[in-house]
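Try each task before you read its solution.

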There are 2 protein chains.
Amino acid sequence: MILSYDGADFSGWQVQPDTPTVQGTLASVIGRITGEKVLPQGSGRTDAGVHALAQVVTFVTESSVPTANFLKAINDILPPSIRILEVSEVAADFHARRSAHAKTYRYRLYRASICPPFLARYVWHYPYPLDEDVMDRGAALIAGEHDFTSFAAVDPERGRDDEPVSNVRTVFQSSWRRDGDELLYTVRGSGFLHHMVRNLVGTFILVGRKTLKPADVTRILGERNRSSAGATAPASGLYLDNVEY
Amino acid sequence: MILSYDGADFSGWQVQPDTPTVQGTLASVIGRITGEKVLPQGSGRTDAGVHALAQVVTFVTESSVPTANFLKAINDILPPSIRILEVSEVAADFHARRSAHAKTYRYRLYRASICPPFLARYVWHYPYPLDEDVMDRGAALIAGEHDFTSFAAVDPERGRDDEPVSNVRTVFQSSWRRDGDELLYTVRGSGFLHHMVRNLVGTFILVGRKTLKPADVTRILGERNRSSAGATAPASGLYLDNVEY
């Protein structure tokens with residue numbers, strides 16, 4: 001399934017007791033339709049408040065419900081803050097996370113002095129001065145294969161499952177561009193560490209404020225130390241844009 | 001003050017005990033700044049879930065805070081779902097409701113089959129067939145001075161204050177237009193009765209579905225009977241667009 005969700009309503013992707021999560025909500029809705037106990041698997045976890053435009057999710061079912069009917073059946077029961085956009089049958093060896101070749105995230109900064117109330121859940125309101133050109137120059141420096149330890153939060157889930165323990169990832173594209181009152185960051189890579197995109201954004205903000213120079217981004221990468229990089233940007237501006245297979 | 005708010009977070013405009021309202025939230029924030037007990041007056045009440053792009057609100061203060069400083073002071077404390085857009089001093093005889101010459105409301109219908117989760121709070125998702133041209137013809141028939149009793153909810157507040165008890169209002173413009181996946185209704189009038197715009201939208205939907213003919217709108221106006229008209233459309237699609245003085 002490909003699904004979109006408004007992360008503001010959820011304590012993140014991963015199922016947790018007594019708190020609404022996207023995975024938990026989906027599991028309960030699919031269970032109501034198929035009568036089976038299923039735990040849908042996503043292409044990756046998103047944190048509380050992080051949005052998805054096209055998260056990829058699989059589940060295994062022996063239900064006789066035709067594949068084409070699942071979309072309407074699931075959307076009819078889900079809250080409007082989660083929408084299934086597509087459903088299709090895949091080979092049994094397809095794995096939403098391990099089969100992914102690339103993921104793209106987007107981050108939205110709102111730059112005007114007053115943030116419309118209708119955008120507050122969906123951007124980071126940052127009306128302070130920024131040199132947007134040097135931010136883009138700094139962003140370009142993370143392209144390529146690097147150890148991203150400096151931009152990785154300690155992940156409480158690491159080691160519990162089958163994720164690779166290396167912090168080396170390849171970034172194919174990393175750039176900032178203006179769109180009206182918004183400054184948008186797009187990053188496409190082979191995979192992302194916990195909080196990596198939000199920590200990159202927090203660091204590029206320091207470049208934009210002239211606290212750091214663009215070249216400091218390369219130095220920070222080399223230091224492999226989380227405390228070298230900037231603060232974690234708020235979840236509200238972050239979107240999982242798409243996943244490629 | 002001119003302010004915009006996301007109505008989904010509030011039980012409407014009017015102050016109520018133990019539930020978040022726009023008026024109550026503003027009163028408490030202004031009280032923190034001025035040390036005075038104030039009840040800001042709006043150009044009109046909006047119901048729970050109804051949004052405002054440019055609500056007009058006045059309050060009386062003897063505070064020494066310069067007018068120009070109120071905007072930032074209030075916005076710094078308000079939740080991001082309410083934003084003050086402008087603050088100015090007005091003559092003591094200016095009254096946000098009684099001085100208004102015209103108000104414009106907008107209603108957003110989302111027409112595509114799947115409503116993006118980021119729009120769910122801000123539109124009425126109506127993916128069913130509608131003849132949009134006849135809806136616009138029906139809408140045009142309410143222009144002019146009419147008794148709008150058929151489109152008015154019984155208002156628990158009527159008679160308690162100084163509102164005129166007549167249900168005669170003048171509509172200057174009433175029309176539907178397409179904008180991408182949205183069908184937008186705009187109505188500009190001298191004033192509006194309780195639930196009037198939502199009841200008009202619910203009636204135009206019946207015209208679009210061919211349950212009613214456009215000319216039935218004129219018949220319903222003449223009957224002065226709420227049960228002649230359609231159901232009340234959901235609050236989520238309705239916006240107070242602007243108020244003219």
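**Exercise 1.** What should the 13 residues of helix 4 of chain B span, and how far apart are its end C-alpha atoms?

*Before you start.* This is a predicted model: local features need pLDDT of at least 70, side-chain atom pairs count only at pLDDT 80 or more, and totals for chains, interfaces and linings use all residues. Residues are numbered from 1 along each chain as its sequence is written, while chains are lettered from A and ligands numbered from 1 in the order in which they are written.

*Solution.* Start with the element: helices are DSSP runs (H or I, at least four residues), numbered from the N terminus. Next comes the rule: the expected span is 1.5 Å times one less than the number of residues. For helix 4 (residues 196–208) of chain B that gives 18 Å, and the end C-alpha atoms are 18 Å apart, so the two agree.

**Exercise 2.** Work out whether helix 4 of chain B is enclosed.

*Solution.* Call a residue buried if 20 or more other C-beta atoms, placed from the backbone, lie within 10 Å of its own. In helix 4 of chain B, 11 of the 13 residues pass, so the helix is largely enclosed by the rest of the structure. Among them are Met196(B), Leu200(B) and Phe204(B). Just after the helix, Lys210(B) takes a positive phi of about 70°.

**Exercise 3.** Find how chains A and B are related.

*Solution.* Superpose by least squares on C-alpha atoms of residues with pLDDT of at least 70 in both copies. A rotation of 180° with 0.0 Å of shift along its axis puts chain B on chain A (RMSD 0.0 Å). That is the relation of a two-fold axis.

Key:
Helices (H or I, at least four residues) and strands (E, at least two) are DSSP runs, numbered from the N terminus. A residue is buried if 20 or more other C-beta atoms lie within 10 Å of its own, exposed if 12 or fewer, and partly exposed in between; C-beta atoms are placed from the backbone.
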